[in-house]
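Please keep the sequence and the coordinates open while reading.

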Amino acid sequence: MRIIGLAGWSGSGKTSLVVRLLPALIARGLRVSTIKHAHHEFDVDTPGKDSYEHRAAGAHEVLVASARRFALMHELRDAPEPTLEELVARLAPVDLLIVEGFKRHAHDKIEVHRPSVGKKLLAPEDPHIVAVASDVALAGLRVPRLDLDDTAAIADFVATHTGLA
């Protein structure tokens with residue numbers, strides 16, 4: 001499975017880019033999955049629903065299934081956060097996996113950077129950043145700069161870089 005990450009500071013537009021890239025890559029005939037890292041406690045279930053009650057009662061894993069989809073929730077309780085490799089191993093095989101977040105992990109990443117967010121570039125200190133997608137021109141980059149608003153060009157870059165072109 002080929003992997004490309006989207007890394008950047010909160011508010012830079014990573015999720016918006018993923019949402020635009022998915023249809024552009026799928027239109028090329030690729031099967032694409034995503035993993036998103038969250039830095040805070042989050043919930044995908046609703047209090048009062050049976051699956052929430054199973055999890056709240058202490059179930060280690062809760063799988064909810066219907067004729068249209070299934071979702072697996074795994075409670076870590078006091079276990080350490082799984083590595084990206086451990087999470088990838090749980091996924092069904094696809095052509096491409098887009099990883100949003102995990103900015104300190106050693107996989108190839110496109111940095112999503114908006115100077116208006118007020119944070120420094122990650123690229124100068126991360127050898128795994130292979131391009132920077134930004135809404136403004138940036139001087140002195142060692143990697144290509146992609147126009148953050150040009151989804152087709154970013155999809156082209158991803159396909160070429162991952163060998164899926």
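The largest nonpolar core of this predicted model has 21 residues. Within that core, Leu6, Leu25, Ile98, Ile110 and Ile154 have the most contacts. Six elements each supply at least two of the core residues: strand S1 (2-7), helix H1 (14-26), strand S5 (96-100), strand S6 (109-113), strand S7 (129-134) and helix H4 (151-161).

Along the sequence, their order is β-α-β-α-β-β-α-β-β-β-β-α. The protein chain has 165 residues, and 35% of them count as buried. Taken along the principal axes, the C-alpha atoms fill a box of roughly 55 × 35 × 25 Å. If contacts between residues at least 6 apart in sequence are considered, 51% of them join residues at least 24 apart.

An α-helix has 3.6 residues a turn, so residues three or four places apart point the same way. After H4 comes Gly163, which has a positive phi near 80°.

Strand S1 contains Ile3, which counts as partly exposed because its relative accessibility is 29%. The C-alpha atoms of Ile3 and Val158 are 9.5 Å apart in space, although the two residues are 155 apart in sequence. With residues up to four places away in sequence left out, Ile3 touches Val88, Leu96, Leu97, Val99, His107, Asp108 and Thr162.

Which parts of the chain do the charged pairs tie together? The structure holds 8 salt bridges. One of them joins the side chains of Asp156 and Arg28, at 2.4 Å from N to O. Asp156 is in helix H4 and Arg28 is in the loop between H1 and strand S2 (32-36), so this pair ties together parts that are 128 residues apart in sequence. Asp156 counts as partly exposed at 40% relative accessibility, and Arg28 counts as partly exposed at 39%.

A salt bridge also links Glu100 and Lys36, with the closest N and O atoms 3.0 Å apart. Because Glu100 lies in strand S5 and Lys36 in strand S2, the pair ties together parts that are 64 residues apart in sequence.

Arg114 and Asp135 form a salt bridge in which the closest N and O atoms are 3.2 Å apart. Both residues are in loops, Arg114 between S6 and S7 and Asp135 between S7 and S8, so the pair ties together parts that are 21 residues apart in sequence. Arg114 is partly exposed, with a relative accessible area of 24%, and Asp135 is partly exposed, with 31%.

Salt bridges also link Arg55, Glu75 and Arg77 in a network. Of these residues, Glu75 is in the loop between S4 and helix H3 (84-89). The side chains of Glu75 and Arg55 make a polar contact of 2.8 Å. Apart from its neighbours within four places in sequence, Glu75 is in contact with Arg55, Ala59 and His60.

The accessible surface of the protein chain comes to about 9,900 Å², and 54% of it belongs to carbon and sulfur atoms. What makes up the nonpolar surface patch of about 330 Å²? Leu63, Phe70 and Leu72 make it. Phe70 is in strand S4 (residues 70-74) and counts as exposed because its relative accessibility is 62%, the cut-off for exposed being over 50%.

How values were computed
Residues are numbered from 1 along each chain as its sequence is written. This is a predicted model: local features need pLDDT of at least 70, side-chain atom pairs count only at pLDDT 80 or more; totals for chains, interfaces and linings use all residues. Side-chain values use heavy atoms; hydrogens and water are left out. A nonpolar core is a set of buried Ala, Val, Leu, Ile, Met, Phe, Trp, Tyr and Cys residues joined through side-chain atoms within 4.5 Å. Buried means under 20% relative accessible area, exposed over 50%, partly exposed in between (1.4 Å probe, protein chains only). Helices (H or I, at least four residues) and strands (E, at least two) are DSSP runs, numbered from the N terminus. Patches are made of residues with over 30% relative accessible area and no salt bridge: like charges are joined within 9 Å, nonpolar side chains (Val, Leu, Ile, Met, Phe, Trp, Tyr) within 5 Å. Accessible areas come from the Shrake-Rupley method with a 1.4 Å probe; for residues, only the protein chains shown count as cover. A salt bridge is a side-chain nitrogen of Lys or Arg within 4 Å of a carboxyl oxygen of Asp or Glu. Contact means heavy atoms within 4.5 Å. A polar contact is a pair of N or O atoms within 3.5 Å; within protein, one must be able to donate a hydrogen and the other to accept it, and residues adjacent in sequence count only if both atoms are side-chain atoms.
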